[in-house]
Amino acid sequence: MENKKMGWKELPDADSMSAGTSTEFKTGDWRSQRPVFHKENCIHCLRCWVMCPDVSIIVKDGKVMGYDYDHCKGCGICASECPINKKVEFEKDKCAITMADEKEFQK
Amino acid sequence: MVDKNLTVAKTGNEAMAEAMRQINPDVVAAYPITPATEIAQIFAGFVADGLVHTEFVRVESEHSAMSAAVGAAAAGGRCMTATSSQGLMLMSEILPIASALRLPIVMPEVNRTIAGPINIHCDHSDTMFVRDSGWMQVYCEDAQEAYDSVLMGIKIAEKAMLPMMVSTDGFIISHCMARVDLIPDEDVTKYLGQYKPETWLLNPDKKITLGGLDLQDYYFEHKMVAIDAMYKSKAIIKECCEEFAGKFGRNYDFFESYEMDDAETAILAMGSVCGTAKVAVDNLRKDGKKVGLVRMRVFRPFPAEELAKTLSNLKTLAIMDRSDAMSAGEAPLAIETKAALYGRKKQPKTHNYVFGLGGRDIKVEEIEDVYKEMLDFTQPEKNFDRKVTYLGVRE
Ligand code: SF4
Ligand code: SF4
């Protein structure tokens, strides 16, 4: 959406915009950590989907597919709320979600 | 045109509450504060008696009252609230948001000084404190004008898409009973019509986002839209005043000129003091003195050109402020009026008087003395180097 910026005479009266514009505002680059999905351990309880404050858990037909990295801010709430993670006491190999350093993915 | 049965005795607060009943807003959110409490209190009675269909929101503070009004107005409703002094201060965080979102909230405001020291009586410090908040401001002289201005305010605000506060002097107007000619309910309903905003949040056919984060790249442009709206509201006010006069026979303008045609000296002031000043003008006119009065009604939008034109033929002008600007040299009305006059070929010598802070009474004789001082000052050799005269304060 990096078009020519509008002048004030082109703007609508109230500082209103069309709805749903936050999808165009990519906030994922604020992230210092990112969630990594381990499909084999997930039971699709969707608790992460409920808890994610940025609507960034991608779900299709009731199944977690992964994360919307354009908007996920890496807060880690999904990983800390996941019941599987708790059950396995956050033992890395058995978790359904692990948090990894974002730097690793920027190389 | 006046229906005798609708000529009543009402206090300023009662008159404004009556206007609210006739407006029948969708939402009123209010919190009590002296001397404006009665407005919402009387209105709450109308709600309880089923005389209005209004959703009355009993909030826990003025900050919440204004926030609720903003939310309800953004949702698409015709919304009102009422406040005074400290209540207005507590609302102040939300006031510019209401104007930036272009929400036509109309708020009766009763002028009371601001603490401290704590005091419940009249001056204009409260509304002057928020004069740059993007709200239109109308200062009334009496209960009739307060009633009319609230009704007209709805129309102006909705056309201009800007909020408006209509203020009366605390206790002097808000609690004193005066004659008010009411307009029949059905005429008010017809006059105001239905509120039809262009966009509103609860419209599923045209979804919008309101009040998004607006950083370096767009804040200035959005602010410019609101600034421009304030300038443009002048034409809307003019047009609405003319319509109101045509329909209901009472004339209003940005300001009222009293005995100004041949005046050499005048006072410029706002609010109830103007009633007193008119008596002083009449007294001095009997002695052949060419004095007049300009009573400001609309302080925002500031009618700079119109005011300058009216004042420029005077020899001297006393600008009487009921608030102070704390070392700015002069007080708000004087500062802005002089800015409007500055650079014009013809302009009067001016002097600023600050009076009546915290409800300090001002008498006809004191105002006559101001006129006499200003008449004296028409002599060119008189040098007036004082910046502000604080009128009525003990030394
Ligand atoms: S909370 Fe854990 S187990 Fe539940 S759906 Fe999300 S990742 Fe899968
Ligand atoms: S890290 Fe936070 S923002 Fe990202 S998917 Fe998990 S809960 Fe959502």
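What follows is a short walk through confidence, domains and helix pairs.

Tutor: First, the ground rules. This is a predicted model, where local features need pLDDT of at least 70, side-chain atom pairs count only at pLDDT 80 or more, and totals for chains, interfaces and linings use all residues; side-chain values use heavy atoms, with hydrogens and water left out. Residues are numbered from 1 along each chain as its sequence is written, while chains are lettered from A and ligands numbered from 1 in the order in which they are written.

Student: What pLDDT does chain B average?

Tutor: pLDDT is the predictor's confidence in each residue, from 0 to 100. Chain B averages 95, and 98% of its residues score at least 70. For the complex, the predictor gives an ipTM of 0.82 and a pTM of 0.88.

Student: Into which domains is chain B divided?

Tutor: Domain bounds come from an automatic or database domain assignment. Here, domain 1 of chain B covers 6–195 + 227–248, and domain 2 covers 255–390. Their C-alpha centres lie 27 Å apart. Contact means heavy atoms within 4.5 Å. By that rule, 27 residues of domain 1 of chain B touch 28 residues of domain 2.

Student: How do I describe two packed helices?

Tutor: Use the angle between their axes and the distance between the axes. Axes are lines fitted to C-alpha atoms, for helices over the stretch in contact, and angles run from 0 to 180 degrees between N-to-C directions. Helices (H or I, at least four residues) are DSSP runs, numbered from the N terminus. Take helix 1 (residues 12–23) and helix 7 of chain B: their axes are 8 Å apart, at an angle of about 25°.

Student: Why are helix 1 and helix 7 of chain B called roughly parallel?

Tutor: Angles under 35 degrees count as roughly parallel, over 145 as roughly antiparallel, 65 to 115 as roughly perpendicular and the rest as oblique. Helix 1 and helix 7 of chain B are therefore roughly parallel. Residues in this contact include Ala15(B) and Ala19(B) from helix 1, and Tyr147(B) and Leu151(B) from helix 7.

Student: At what angle do helix 7 and helix 9 of chain B cross?

Tutor: Roughly 135°, with the axes of helix 7 (residues 143–160) and helix 9 (residues 219–248) of chain B coming within 10 Å. That makes helix 7 of chain B oblique to helix 9.

Student: And helices 10 and 13 of chain B, at what angle do they cross?

Tutor: Roughly 60°, and the axes come within 9 Å. Helix 10 and helix 13 of chain B are therefore oblique too.

Note on methods: Helices (H or I, at least four residues) and strands (E, at least two) are DSSP runs, numbered from the N terminus.
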